[in-house]
Amino acid sequence: MSSAASKIAKERAAADGLGTNKNPVQYSNQDFAKLRAQCLASGTLFKDDEFPACQSALGFNELGPSSPKTMGVVWKRPTEICSDPQFIVDGATRGDIRQGALGDCWLLAAIASLTLDADLVSQVVPENQSFQKDYAGIFHFRFWQYGEWVDVVVDDRLPTKNGNLVFVHSVEGNEFWSALLEKAYAKVNGSYEALAGGSTLEGFEDFTGGIAEVYELKKAPNNIFQIIQKALKAESLLGCSIDITNAYDTEAITSRKLVKGHAYSVTGAEEVLYRGRTEKLIRVRNPWGEVEWNGAWSDEAPEWNYIDPNVRASLDRKSEDGEFWMSFTDFLREYSRLEICNLSPDTLSSTDQHKWNITLYGGTWARGSTAGGCQNYPATFWTNPQFRIKLDEPDHDHEGSAQEPSCTVIVGLMQKNRRKRKKMGEGLLSIGYSLFR
């Protein structure tokens with residue numbers, strides 16, 4: 001098919017609703033319902049030829065063929081790991097996610113935030129999947145990839161060592177939705193190792209199709225606590241991290257038991273009456289599960305003895321689960337960055353709910369034609385891909401005048417399929433864009 005014909009075909013498919021979360025694109029043309037039906041009819045368990053249970057699925061360097069980290073790895077189905085495997089037990093919760101031997105805490109922090117909203121979970125983790133009814137060794141998940149939703153099929157063979165899961169696992173040991181979700185995401189990105197290192201925002205956007213914003217907490221606006229509360233109320237996904245200054249800082253643990261260069265999720269923000277004054281508190285979760293803040297308002301801190309017992313009970317503290325409260329003042333002092341993925345533009349402007357529209361533009365930087373460089377290269381800068389947008393309708397609550405009404409626009413820039421190119425030694429590029437009126 002020519003590029004023009006291919007483009008027209010894709011536009012027609014999009015017009016028919018293909019690529020929406022209700023009608024996702026089939027990744028690698030694998031139809032979950034048909035494949036499961038075939039396996040049930042033949043009495044066999046599904047084996048995914050598109051992402052086989054072998055060395056290439058693990059990785060290429062740290063998890064490559066000669067790596068000690070992959071020695072002794074055996075691929076097993078959950079039915080071979082435990083006697084009573086379950087897909088989801090009592091709903092998908094933050095406690096179902098424990099990090100394994102892979103540096104994808106950014107992804108796990110995003111998944112943990114996802115579990116705060118049952119509707120978001122059911123969008124990414126389709127219902128009616130089980131190890132009992134219609135079990136055929138096949139499961140599927142949905143991700144947003146560069147403008148469209150895709151349905152990703154995997155078999156349930158998971159990497160184990162000494163009978164235990166190597167990567168993501170649940171506390172219970174017999175719950176497997178999070179491990180299978182990680183495998184499906186690894187398939188989309190080429191391997192498990194391709195998931196090592198990243199930003200929580202990437203996971204947020206791939207789970208929601210939302211638009212992300214970043215706040216440097218040392219320069220945060222005065223109303224940042226209200227922005228966080230509003231974002232949580234709007235069911236946005238939030239993550240935070242502590243910057244590292246050198247390679248030795250990576251995942252170094254501070255004296256207060258916070259991990260540098262590590263992705264946390266923000267799961268709550270409340271105000272309590274403490275010794276006659278209002279204290280702002282924020283709840284944070286470490287996907288590792290055990291390493292927790294040990295300062296003021298930590299699990300066994302004395303501050304809890306000075307607030308209303310009913311309020312204390314409602315904040316649902318559990319020790320050693322990786323989730324903890326801290327004062328907002330300490331949060332701003334200890335953490336470097338806050339990331340918010342907006343499912344609506346509310347956290348960016350007014351308090352009113354309002355609809356927004358999304359338009360996607362595709363382009364490439366091709367050496368010698370459209371790779372014009374930054375504005376330091378005025379002779380070629382103009383050759384970069386350019387897109388003209390027209391804003392027709394002002395915001396309902398805009399702050400402009402009647403003669404010059406204002407309209408909010410949010411612009412995001414994505415790099416396609418860069419994780420897949422990690423095995424070729426290519427990482428994310430330093431890219432940017434300029435806006436002109």
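Entry 1, the sheet. I found 3 strands in an open sheet of mixed pairing, ordered β1-β4-β3. I took strands (E, at least two residues) and helices (H or I, at least four residues) as DSSP runs, numbered from the N terminus, and two strands as paired if DSSP finds at least two bridges between them. β1 (25-26) and β3 (138-145) stand at the edges with a single partner strand each, so one side of each has no neighbour in the sheet.

The model is predicted: local features need pLDDT of at least 70 and side-chain atom pairs pLDDT 80 or more, while totals for chains, interfaces and linings use all residues. Residues are numbered from 1 along each chain as its sequence is written, and side-chain values use heavy atoms, without hydrogens and water.

Entry 2, β3 and its partner. I noted that β3 pairs with β4 (residues 148-155) in the antiparallel sense over 8 bridges. Within this pairing, F139 has V154 of β4 as its bridge partner. Helix α8 (residues 200-208) packs on the sheet and touches β3 and β4, contact meaning heavy atoms within 4.5 Å. The direction of α8 makes about 110° with that of β3; axes are lines fitted to C-alpha atoms, for helices over the stretch in contact, and angles run from 0 to 180 degrees between N-to-C directions.

I looked up its lining, which includes L158, F167, E182 and Y192. β5 (158-161) and α7 (177-189) are the elements that give two or more residues to this lining.

Note on methods
On a 1 Å grid over the protein atoms alone, a cavity is a set of points where a 1.4 Å probe fits but cannot get out, and a pocket is an open set with protein on both sides within 12 Å along at least five of seven lines; lining residues have an atom within 4 Å of a point.
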